[in-house]
Amino acid sequence: MRKKIKSIPVVLVVIMLAFILGACNSNSDSDVSGNSEGAANDEESAGNETTSESGLSVGIVLPTKDEPRWVQDEERFKEALSDSDYTTEILFSQGSSAKEKENVETLISKGIEVLIIAPHDGPAAGVSVEAAKAEGITVIAYDRLITETDAVDYYVTFDSLAVGAAQGQYLVDNAGEGTNVPLYLYAGASSDNNAFLFFEGAWSVLQPKIADGTFVIANSSEAEALQDKAELTRDEMGKILGQVTTNWDPNEAKNKAQTHLTAVGPEMKGDIAVLAPNDGTARSIADVFSTDPEVSSYIITGQDAEKASIQYVIDGKQSMTVFKDVRTLVTDAMGMAVDVLDGNTPETTGNYDNGSIDVKAKQTDVIVVDEANVQSELIDSGYYEASEFTGL
Ligand code: GAL
């Protein structure tokens, strides 16, 4: 699923934030005041004046509450929607396509006109959005693309290829001189289209450095077999992901890292480089590598600027993260929803081929953060408070 997109300056998006979101309101698995009491509560906390005649205007479905990344999105949605007219509800799928389908059916029964959904599993989400589409509901894919269905109207996302390329470049720039630097590859879940874009972006930067001997692959025979190939097919990437996927699960990442370090000899230790796909998995992999006495130093990547990983970056336990300003994604998604509710056509800047149709899309740039710019990118920008960290 390739991209054809130009991006909008973040500053412009932020200005739009105040403007657009004067028109929404929220309910979620946790109500506006943040109490976590499960979906059942929504009834009570719903209902402001401007709702669709039978209830809710906008339904929002996020993959899981078990990952800090998606709790960030919930918080940013609630922040953005706190004083608005349209009613919204946020539900979590807890890593299950069946729960996701149930969530979408619940929201359909509450009369939503717009569905904003980050799928747990890209292809499997098709059945849920087709049910919404059949009711005339506008479907906006959020962060992750829903694939192999024509029941998706819009897609808001970050530049996922650039995320991977930034991770690869950071390893190239910081792997130091010398050759045969052991490179450990890890990836996201194959059910997530983003995982392929992240890996494709990283491979585009790392492959030439593997081919010229700067790096030597330490933990994937499939990647080794393809190391002289600059552009991989989806199937070839699928084979590599099959070996090094973390399924976005920190525990699976930890187990894989332990297995890999046990399987290799001292030539694959010393000063090493690790491609970790996101912050949740990066921390657990870093914890494993930092306790191996034969590993003298490691460079490790991440993504999402989760608070715990920013502390790891400050403490020198994680090298970098790719900051994706979720405030912008929320603005774009809610902006589109309000346009639809107001009978206008949302602005888009390109499209994504999801294997069935070209989905009209809006994409946001990403920012590399390491210890040198935590202050400027995350504190000065108001994303986090300095008081949330030690050692800044
Ligand atoms: C991806 C998302 C990342 C990461 C991951 C794990 O689709 O773009 O930000 O958090 O899912 O949930």
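Ala-141 stands opposite Tyr-155, a residue of strand β7. Strands β6 and β7 pair in the parallel sense over 3 bridges, with β7 covering residues 154-158. Keep in mind that this is a predicted model.

**Strand β6 and its cover**
- β6 spans residues 138-142 and is mostly covered, as 5 of its 5 residues are buried.
- Thr-138, Ile-140 and Tyr-142 point one way from the strand, while Val-139 and Ala-141 point the other way.
- Which is it for these side chains, buried or exposed? Whichever way they point, all are buried.

**Around the ligand**
- There are 13 residues around the ligand, and the ones that come nearest are Glu-67, Asp-143, Arg-144, Asp-192 and Asp-304.
- For Arg-144, a polar side-chain atom lies 2.8 Å from an oxygen atom of the ligand.
- Trp-70 has a side-chain N or O atom that is 2.9 Å from an oxygen atom of the ligand.
- Asn-194 also has a polar side-chain atom by the ligand, 3.1 Å from one of its oxygen atoms.
- How much of the ligand's accessible area does the protein cover? On its own the ligand has 300 Å² of it, and the protein covers 100%.

- Why is β10 (residues 270-275) described as largely enclosed by the rest of the structure? The reason is that 5 of its 6 residues are buried, where buried means under 20% relative accessible area.
- One partner is β8 (residues 181-185), which pairs with β10 in the parallel sense over 3 bridges.
- In that pairing, Leu-185 has Leu-275 of β10 as its bridge partner.
- Another partner is β11 (residues 295-300), which runs parallel to β10 and is joined to it by 5 bridges.
- Here you can pick out Ile-272, whose bridge partner in β11 is Tyr-298.
- To get from β10 to β11, the chain passes through helix α11 (residues 279-290), and this β-α-β crossover is right-handed.

How values were computed
Residues numbered from 1 in each chain as written. Predicted model: local features only at pLDDT ≥ 70, side-chain atom pairs only at ≥ 80, totals over all residues. Heavy atoms only, no water. Buried < 20%, exposed > 50% of the residue type's maximum accessible area, 1.4 Å probe, protein only. Helix = DSSP H or I, 4+ residues; strand = E, 2+ residues; numbered from the N terminus. Pairing = 2+ DSSP bridges. Near = heavy atom within 4 Å. Polar contact = N/O pair within 3.5 Å; in protein donor to acceptor, adjacent residues only side chain to side chain. Areas by Shrake-Rupley, 256 points an atom, 1.4 Å probe, with all protein chains shown as cover. Right-handed = clockwise from strand over helix to strand, strands pointing away.
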